[in-house]
Amino acid sequence: MQTLLVIDDETHVFEAFARNFDSPSLRVISASSGEEGLDRIVREKPDVVVMDIRLGGMDGLSVLKEIRGRDMRVPVIMMTAYSTTQTTIEAMKHGAFDYLLKPFDVPKMEEVIQAALKASRDMRVKVSLTQEPDAGSEDLGIVGKSSAMQEVFKKIGLVSASHATVLITGESGTGKELAAKAIYQNGGRREKPFLAINCAAIPENLLESELFGHEKGAFTSAIGQRIGKFEQCNGGTLFLDEIGDLPMTVQTKLLRVLQEGEFQRVGGNQTIHVDVRLIAATNKDLARMIEEKKFREDLYYRLNVLRIHLPPLRERKEDIPLLVKYFLNRFAAKSPDRPPTHPTGSGTVSGSGRGRPKQISEPGMRLLVDYSWPGNVRELENIVQRATVHAAGDVILPKDIEWHAHAGGKKEDAAGVRPSLDSALDVLFDQALTDSQYKLMANIERYMIARALSKTGGNQVQAAKILGITRATLRKRIEKYKIRSKLEVN
Ligand SMILES: Nc1ncnc2c1ncn2[C@@H]1O[C@H](COP(=O)(O)OP(=O)(O)OP(=O)(O)O)[C@@H](O)[C@H]1O
Ligand SMILES: [Mg+2]
């Protein structure tokens, strides 16, 4: 459970936060002055602090400096009536996480609080490098015993000891973000903040200002000065995720920060010096982007000082059983409600707060090991999670494993699978409408077979299992429909 501390002398402000955020996973506590707030921080170690910039007694800015002097990692959000006052800007320069304008806009409040809680988890939830994950622990693990992952662990150790820029590469869902957090947590800057920015998630025209800030009047909507992430994170570690999506203009500016440790805010001429360690990640092929003139070569060499490549899951299948057990344990820990299948005399759910992990049958595990995992560990995590929900008993059977809902791997893509299947079926149906000789059912069958082969990386045994036909039948159909390659339908 995380804790949010609200420091404000008006009780209705605390009530607004409690009403909107108090939940079984978030405890909201209050303090009515800066002094009381500092006291509660020592005693309760909140995950995030939200504080009025104007307080009686010790003012907000002084309290912020005091908090940061003791622990730079706690995200502190300032509440203010104006974003453009000097005090708000000062607060951002002193590392405030963000600010919220009063009166509150609830969706914005939700967005900022959730972002701060995530930042706090990134810093606090320990990421351990492990072969055999500890079932009872809350920590996250980078699980793996394959020699490829042992290499990764070694590299994370080496890289953590240095302050140099790190580039993490690997396909989607291979654990790049997890590796970034491990590097931060094991490094010399672990007492300083860690901020993550997803370059692909921020509109291109806003990204430069998000990273470097802007001066008043830099563009039409720049009504006041704004402090960017580089300044805010001074002394700490910045994780630039999806760096392959960085626009050219921003690439140039980033190169200069890496070379000289300095930059100018958008529309400004004052040179600002910062000391920020950069960890970058991408699933794109930067070398190819350089050839296509979409990524600066000089920036690539600057980023690529230390490189960690996360191997795709299909190249380290021996890690799959370990990962499956790890996820089964985690899901059990998160679902304390699951009653035991063989109730004890008391008839109640065990009081330990943990559900019992489900097991996986051997054929079920074989299916998982045989699959090609285009969405890597994230896809495995999703499928194991679904299977635990589907399995009626204590043991996961092959029928509980649903493949189709997770093509592509990325969480965001999961919902996108249906439209793509729908549109494929639409195309087939439209052809049937316009062609009187068209064999609709045969074409659907052909499509499903090609798709199953594509999903399984061409593994016929597994594709047959998915389709519910024998391997001999599958072979006949492949011949009949002249399905040439596993990549024919995607
Ligand atoms: N080796 C691993 N052990 C345990 N969990 C892992 C491992 N690798 C990845 N995960 C889990 O898989 C999910 C995806 O990992 P992560 O977000 O780090 O991937 P990513 O490489 O950043 O993916 P993307 O390119 O799509 O952003 C997370 O829930 C993460 O905890
Ligand atoms: Mg990622």
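Two strands are taken as paired if DSSP finds at least two bridges between them. In this predicted model, that criterion describes an open sheet of five strands with parallel pairing, in the order E2-E1-E3-E4-E5. The model also holds ligand 1, which is surrounded by 20 residues and lies between domain 2 and domain 3, because both domains give residues to its shell.

**Strand pairing around E1**

- Strand E1 (residues 2-7) runs parallel to strand E2 (residues 26-31), and six bridges join the two.
- Threonine 3 has arginine 27 as its bridge partner in E2.
- Isoleucine 7 is likewise assigned a bridge partner in E2, namely alanine 31.
- E1 also pairs with strand E3 (residues 48-52), in the parallel sense and over four bridges.
- For leucine 4, the bridge partner in E3 is valine 48.

**The sheet as a whole**

- The strand order of the open sheet is E2-E1-E3-E4-E5.
- E2 and strand E5 (98-101) are the edge strands; each has a single partner strand, so one side of each is left without a neighbour in the sheet.
- On average, neighbouring strands of this sheet are turned by 20° against each other, direction ignored.
- Helix H3 (residues 60-70) packs on the sheet, where it touches E1, E3 and strand E4 (76-80).
- The direction of H3 makes about 160° with that of E3.

**The shell around ligand 1**

- Among the 20 residues that surround ligand 1, the closest are Ser172, Gly175, Lys176, Glu177 and Val377.
- Strand E7 (140-143), helix H7 (176-186), helix H13 (320-334) and helix H15 (376-390) are the elements that give two or more residues to this shell.
- E7 gives the most to the shell, with four residues.
- Sorted by class, the shell comprises seven nonpolar, eight polar and five charged residues.

**Ligand 1 and the domains**

- Which domains give residues to the shell around ligand 1? They are domain 2 (147-310) and domain 3 (315-338 + 353-414), and ligand 1 therefore lies between them.

Key:
Residues numbered from 1 in each chain as written. Chains lettered and ligands numbered in written order. Predicted model: local features only at pLDDT ≥ 70, side-chain atom pairs only at ≥ 80, totals over all residues. Axes fitted to C-alpha atoms, helices over the stretch in contact; angles between N-to-C directions. Contact = placed C-beta atoms within 7 Å. Near = placed C-beta within 6 Å. Nonpolar A, V, L, I, M, F, W, Y, C, P; charged D, E, K, R; others polar. Domains from an automatic or database assignment.
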